[in-house]
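Here is a short report on how one chain is put together.

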Amino acid sequence: MDGSGSPTLEQVAALAGVSRATVSRVVNGSPKVLPDTVAAVELAIRELGYVPNRAARALVTRRTDSIAIVVPEPDSRVFSDPFFAGMLSGVSRMLAPTSSQLVLLIEPAEADDQRLLRYLRGGHVDGAIIISHHGRDNILQELAQLPLPIVFSARPLGVDVPVASVDVDNVAGARTGVQHLLTIGRQKVATVAGPLDMTAGIDRLTGYQEVMKEAGLPAMIAYGDFTADGGEQATLRLLDDHPDLDGLFVASDLMATAALRVLSQRGRRVPADVAVVGFDDSVLATTTTPKLTTVRQPVEQLGSRLAEILLSKIAGGEHTTAEIYNTELVIRDSA
């Protein structure tokens, strides 16, 4: 034992009948150790209750076994929107068999960007996943140029260097939702769009506009911010400006739940008077009245893939391309 009473690396080596260097290689995950030797060392570690010194290990491996998930949103949104829970679940599932821990960094828009950059540059984590980013200032460009493995959850706006990203085809997904509304006979279809400083907001609005233009129908747009409050205010504006609208494409399920409440309060029946389509297929979609027709994106799968790419980059892999997944329309009672 050392002075603190904890088992030492030397004691593990003596019990396993190997050198201290061999124990160190096993603890640090080196592939250059025979399986029988690894088994003997792991048995000795369990018997002695040895816990590796993570700080000392980091000096040798230059690894922290920590991965940051950076969410540039207020904590009120992070903990209320099922999208983030799905992303975290997917990331956690991929990291579960590894030694990596998650560090959640919530950075509201008014936060000090330089503080975040200093933390990521400071050797505290081995890499970072950037989720729900906004195209504000120069922070995305600076993140993309950090000497640290980085993966983005969507195409980062205003970045002119190759980066790894994972997302769904938001334009095609929105087109599917809006086309469904037209197919069931709606002619005055409005949209509650997302913010235009986010890829999802831009692309989902683009999909809506494309379909309406192709159909020769006027676009009716109000902007939200992917929150329930934003969805509520946008829906109220649409109903004030276009009281005869009969279809509504909402760029997120969370905003769609608010839209359903507003329509009910205004005496508009769903789907008889106004058919509503959301986007996400989150857990909220089956809790609303009526249940929400929505565009499904595989959020947990996206989270898992983000983590998989980041682990590969940390190990030295090269990933600088955008991966795009398909969406699927899920028809329920609202449209």
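In this predicted model, the largest nonpolar core holds 42 residues. Tyr 208, Leu 248, Phe 249, Val 250 and Val 276 touch the most other members.

A second, separate core has 23 residues. Among them are Ile 69, Val 71, Val 299 and Tyr 325. In soluble globular proteins, nonpolar side chains tend to be buried together.

Leaving out residues up to four places away in sequence, Phe 249 touches Ala 174, Val 178, Leu 181, Ala 190, Thr 191, Val 192, Arg 204, Tyr 208, Val 277, Gly 278 and Phe 279.

Thr 235 sits in helix α11. Is Thr 235 buried or exposed? Its relative accessible area is 2%, and the cut-off for buried is under 20%, so Thr 235 counts as buried. Leaving out residues up to four places away in sequence, Thr 235 touches Val 192, Leu 248, Ala 259 and Val 262.

Next, the sheet. Six strands form an open sheet with parallel pairing. The order is β2-β1-β3-β4-β5-β11. At the edges are β2 (101–106) and β11 (322–325), and each pairs on one side only. From one strand to the next, the twist averages 20°. Strands β3 (residues 127–130) and β4 (residues 150–152) pair in the parallel sense over three bridges. Ile 130 stands opposite Phe 152 in β4. Helix α7 (residues 113–121) packs on the sheet and touches β1 (66–71), β2 and β3. The direction of α7 makes about 165° with that of β2.

Last, a helix pair. Two packed helices are described by the angle between their axes and the distance between the axes. Helix α1 (residues 9–16) and helix α2 (residues 20–27) pack at an angle of about 105°. Their axes are 8 Å apart. Angles of 65 to 115 degrees count as roughly perpendicular, so α1 and α2 are roughly perpendicular to each other. On the α1 side, Leu 9, Glu 10, Val 12 and Ala 13 meet Arg 20, Val 23 and Ser 24 in α2. The residues of this contact divide into four nonpolar, one polar and two charged.

Note on methods:
Residues numbered from 1 in each chain as written. Predicted model: local features only at pLDDT ≥ 70, side-chain atom pairs only at ≥ 80, totals over all residues. Heavy atoms only, no water. Axes fitted to C-alpha atoms, helices over the stretch in contact; angles between N-to-C directions. Helix = DSSP H or I, 4+ residues; strand = E, 2+ residues; numbered from the N terminus. Parallel < 35°, antiparallel > 145°, perpendicular 65-115°, else oblique. Contact = heavy atoms within 4.5 Å. Nonpolar A, V, L, I, M, F, W, Y, C, P; charged D, E, K, R; others polar. Pairing = 2+ DSSP bridges. Core = buried A, V, L, I, M, F, W, Y, C linked by side-chain atoms within 4.5 Å. Buried < 20%, exposed > 50% of the residue type's maximum accessible area, 1.4 Å probe, protein only.
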